[in-house]
There are 2 protein chains.
Amino acid sequence: MEKKVNISARERNDLIAAENREILSNNGIFTVNIIGSPGCGKTSILEYTANHFDEKFAVIVGDVKTALDSDRIIQSGHSSAYAIETGGGCHLSAQMIRQKIAEIDLKAIDYLFIENVGNLVCPSTYDLGENLKIAVLSIPEGDEKVRKYPALFLRARVALINKIDLLEYLDYDIERVKADCLVHNPKVKIFETSVKTGAGIDDWLAYLREQRKA
Amino acid sequence: MEKKVNISARERNDLIAAENREILSNNGIFTVNIIGSPGCGKTSILEYTANHFDEKFAVIVGDVKTALDSDRIIQSGHSSAYAIETGGGCHLSAQMIRQKIAEIDLKAIDYLFIENVGNLVCPSTYDLGENLKIAVLSIPEGDEKVRKYPALFLRARVALINKIDLLEYLDYDIERVKADCLVHNPKVKIFETSVKTGAGIDDWLAYLREQRKA
């Protein structure tokens with residue numbers, strides 16, 4: 001008879017996340033969990049990556065509703081994009097990722113990008129089995145987001161400050177944002193990026209290549 | 001002996017929300033629940049309101065961490081701003097509002113503005129006891145937010161499309177956004193606003209005055 005063990009939903013998530021990490025690592029895959037507000041540019045960064053990253057990768061895109069974002073990535077020239085529609089859920093879970101990676105040919109890729117649901121709060125504390133959790137900030141959101149949403153910035157090893165091309169039009173203290181990131185994580189790596197101008201993206205992609213080798 | 005009744009957290013929220021609505025209405029107060037992404041301009045709209053709305057009101061501001069936003073409203077010339085720090089929580093609850101309105105002199109105000117936690121997902125379905133739930137969209141977030149986060153737009157009676165001053169710098173199909181709002185709620189009232197230029201804000205404040213009289 002099967003022995004039943006009562007564990008919390010969070011503990012179950014973390015157990016499955018650890019298994020995901022093992023499955024992915026055993027296949028030589030470096031996995032990135034991308035977290036940021038709605039409209040901060042997560043999908044645009046992945047579109048740009050689809051066109052400029054000369055590595056084999058797949059993308060899993062989480063959204064409350066619609067597969068608009070994975071469609072965008074496929075249209076930008078990359079066929080391996082998989083949509084997860086959470087049906088109202090505010091974050092991706094390790095279980096959702098487990099189901100999706102069963103559909104992916106893991107031998108065919110070296111990187112897996114997971115675009116989480118657009119939300120600065122709930123996705124921050126759910127391990128999906130990634131190697132790298134990154135935070136995407138956006139200039140038009142204002143320069144106090146790191147202070148107001150600390151959970152993500154305590155855990156993210158990388159912060160992209162995106163839409164840097166809009167800096168000239170907006171009152172945004174980028175030095176304050178960088179200082180706030182460093183308070184939460186003194187080892188955080190920060191990139192200033194723009195998909196419109198391409199600024200910073202090559203450095204970010206070079207960093208990704210280094211991280212997989214490390 | 002007290003009789004215990006098992007109800008879900010959601011049912012408890014909704015019961016308390018109904019009581020909040022009764023308490024506030026009995027005091028002649030019109031209550032607005034303001035929901036939008038981090039950085040869409042909720043606090044800026046309330047700062048502007050503090051300076052331009054010639055009515056008696058209080059503001060409750062929810063944030064995961066810090067009282068930065070309520071401080072901004074107080075600094076903009078309005079003393080009745082109350083902070084709720086959710087300590088990681090991703091939305092305000094009716095219970096949090098109940099505790100806070102106990103601190104407010106309800107006889108002294110005609111309007112209560114509640115700025116929810118910056119999040120397009122979780123706050124959408126929690127009734128706080130408001131008369132009016134409004135969605136704040138922001139031009140730099142991109143024009144597909146209504147489709148991707150439908151729960152809010154099914155419930156919001158008003159949508160503010162904010163930061164309209166940035167429209168000229170960005171590729172944003174405002175007619176598509178308005179059409180998407182109308183699909184979710186054919187009676188939605190839409191305002192195009194900018195706190196920088198003041199566009200649309202007077203119409204929005206006039207609408208608020210009408211709604212309280214109605």
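The radius of gyration used here is taken over C-alpha atoms, and the globule rule is 2.2 Å times the number of residues to the power 0.38. Keep in mind that this is a predicted model.

**Stop 1: chain A as a whole**

For its 214 residues, a compact globule would have a radius of gyration near 17 Å, and chain A has 17 Å, so the two agree. Switch to cartoon: chain A has eight helices and seven strands. Of the 214 residues in chain A, 49% count as buried. Now think about contacts in chain A with a separation of 6 or more: 77% of them come from residues 24 or more positions apart.

**Stop 2: the nonpolar core**

Bring chain B back. Which residues touch the most other members of the largest nonpolar core? Select A:Leu112 and B:Leu112: they hold that place in a core of 122 residues. Stay with A:Leu112 and show what surrounds it. Beyond its neighbours within four places in sequence, A:Leu112 is in contact with A:Leu24, A:Ile29, A:Thr31, A:Phe57, A:Ala58 and A:Ile60. As background, nonpolar side chains tend to be buried together in soluble globular proteins.

**Stop 3: where the chains meet**

Color the two chains separately and look at where they touch. On the chain B side, 30 residues are in contact with 30 residues of chain A. Select helix H5 (145–148) and helix H6 (150–155) of chain B: each supplies at least two residues of the side that touches chain A. H5(B) gives the most to that side, with three residues. Color by class and the side of chain B that touches chain A comes out as 14 nonpolar, eight polar and eight charged residues.

**Stop 4: two helices crossing in chain B**

Next, select residues 9–26 and 94–101 of chain B, which are helices H1 and H4. At what angle do the axes of H1 and H4 of chain B cross? Roughly 35 degrees, with the axes coming within 8 Å. The crossing of H1(B) and H4(B) is left-handed. Show side chains to see who makes the contact: B:Asn13, B:Ile16, B:Ala17, B:Asn20 and B:Ile23 come from H1(B), while B:Ala94, B:Gln95, B:Ile97, B:Arg98 and B:Ile101 come from H4(B). Sorted by class, the residues of this contact between H1(B) and H4(B) are six nonpolar, three polar and one charged.

**Stop 5: a strand and a loop in chain B**

Stay in chain B and pick B:Ala83, in strand E3 (residues 81–85). B:Ala83 counts as partly exposed because it has 19 C-beta neighbours inside 10 Å, and buried would take 20 or more. Leaving out residues up to four places away in sequence, B:Ala83 touches B:Val61, B:Asp63, B:Ala67 and B:Ser70. For a distance check, draw a line from B:Ala83 to B:Leu205: they are 122 residues apart along the chain, and their C-alpha atoms are separated by 23 Å.

Now go to B:Thr66, in the loop between strand E2 (57–63) and helix H3 (68–75) of chain B. B:Thr66 isn't a glycine, yet its phi is positive, near 80 degrees. B:Thr66 has 15 C-beta neighbours inside 10 Å, so it counts as partly exposed.

**Stop 6: two loops in chain A**

Jump to chain A and select A:Lys163, in the loop between strand E6 (158–162) and helix H7 (174–184). Here is another positive phi in a residue other than glycine, near 60 degrees for A:Lys163. Is A:Lys163 buried or exposed? Buried, because 26 other C-beta atoms lie within 10 Å.

Then pick A:Ser194, in the loop between strand E7 (189–192) and helix H8 (201–213) of chain A. A:Ser194 counts as buried because it has 21 C-beta neighbours inside 10 Å. Setting aside neighbours within four places in sequence, its contacts are A:Asn162, A:Lys163, A:Ile164, A:Asp165, A:Ala199 and A:Gly200.

**Stop 7: B:Asp165**

Finish in chain B at B:Asp165, in the loop between strand E6 (158–162) and helix H7 (174–184). With 16 other C-beta atoms within 10 Å, B:Asp165 is partly exposed. Not counting residues up to four places away in sequence, B:Asp165 touches B:Ser194, B:Lys196 and B:Thr197.

Note on methods:
Residues numbered from 1 in each chain as written. Chains lettered and ligands numbered in written order. Predicted model: local features only at pLDDT ≥ 70, side-chain atom pairs only at ≥ 80, totals over all residues. Contact = placed C-beta atoms within 7 Å. Helix = DSSP H or I, 4+ residues; strand = E, 2+ residues; numbered from the N terminus. Nonpolar A, V, L, I, M, F, W, Y, C, P; charged D, E, K, R; others polar. Buried ≥ 20, exposed ≤ 12 C-beta atoms within 10 Å, placed from the backbone. Core = buried A, V, L, I, M, F, W, Y, C linked by C-beta atoms within 7 Å. Axes fitted to C-alpha atoms, helices over the stretch in contact; angles between N-to-C directions. Left-handed = near helix turned anticlockwise from the far one by under 90°.
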